[in-house]
Amino acid sequence: MKLYCPQHYIDGITNAWIIKPTSNCSGHGIMLSRNLHTIKQKMTIASVFKNSYILQKYISKTNP
């Protein structure tokens, strides 16, 4: 598995996620989280205030 998917150890519940506002914030408001509850809470609050966010999975650089 390690040969074909070097980041197999971060799949599932240990993923790190980047939460970024879609507005032109120049890096302000970016958060990192591994906690699904925190991410869902942030998205719920964002929808109340009509804010938009981009959620990206963090993928670290791996050496072959």
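## Exercises on a predicted model

F49 is exposed, at a relative accessible area of 57%. The exercises below concern this residue and others in a predicted model.

**Exercise 1.** State which elements the protein chain contains and in what order they run.

*Solution.* 
Step 1. The secondary structure comes to 1 helix and 3 strands.
Step 2. Read from the N terminus on, the order of these elements is β-β-α-β.

**Exercise 2.** Describe how strand 1 pairs with strand 2 and with strand 3.

*Solution.* 
Step 1. Strand 1 (residues 17-21) pairs with strand 2 in the antiparallel sense, over 3 bridges. Within this pairing, I18 has L32 of strand 2 as its bridge partner.
Step 2. Strand 1 also pairs with strand 3 in the antiparallel sense, over 5 bridges. Here P21 has Y53 of strand 3 as its bridge partner.

**Exercise 3.** Decide whether S33 is buried or exposed, and describe its surroundings.

*Solution.* 
Step 1. S33 belongs to strand 2 (residues 31-33).
Step 2. Buried means under 20% relative accessible area. The relative accessibility of S33 is 10%, so this residue counts as buried.
Step 3. Apart from neighbours within four places in sequence, S33 is in contact with N15, A16, W17, I19, T38 and I39.
Step 4. A polar atom of the S33 side chain lies 3.1 Å from the backbone nitrogen of N35.

**Exercise 4.** Classify N51 by its accessibility and give its C-alpha separation from P21.

*Solution.* 
Step 1. N51 is located in the loop between helix 1 and strand 3.
Step 2. Partly exposed is the class between the buried limit of under 20% and the exposed limit of over 50%. N51 has 41% relative accessibility and therefore counts as partly exposed.
Step 3. N51 and P21 are 30 residues apart along the chain, and their C-alpha atoms are separated by 7.6 Å.

**Exercise 5.** Give the values that describe burial, contacts and surface for the protein chain.

*Solution.* 
Step 1. The protein chain has 64 residues, of which 16% count as buried.
Step 2. Among contacts between residues at least 6 apart in sequence, 51% join residues at least 24 apart.
Step 3. The accessible surface comes to about 5,400 Å², and 59% of this surface belongs to carbon and sulfur atoms.

Terms used:
Residues numbered from 1 in each chain as written. Predicted model: local features only at pLDDT ≥ 70, side-chain atom pairs only at ≥ 80, totals over all residues. Heavy atoms only, no water. Buried < 20%, exposed > 50% of the residue type's maximum accessible area, 1.4 Å probe, protein only. Helix = DSSP H or I, 4+ residues; strand = E, 2+ residues; numbered from the N terminus. Polar contact = N/O pair within 3.5 Å; in protein donor to acceptor, adjacent residues only side chain to side chain. Contact = heavy atoms within 4.5 Å. Pairing = 2+ DSSP bridges. Areas by Shrake-Rupley, 256 points an atom, 1.4 Å probe, with all protein chains shown as cover.
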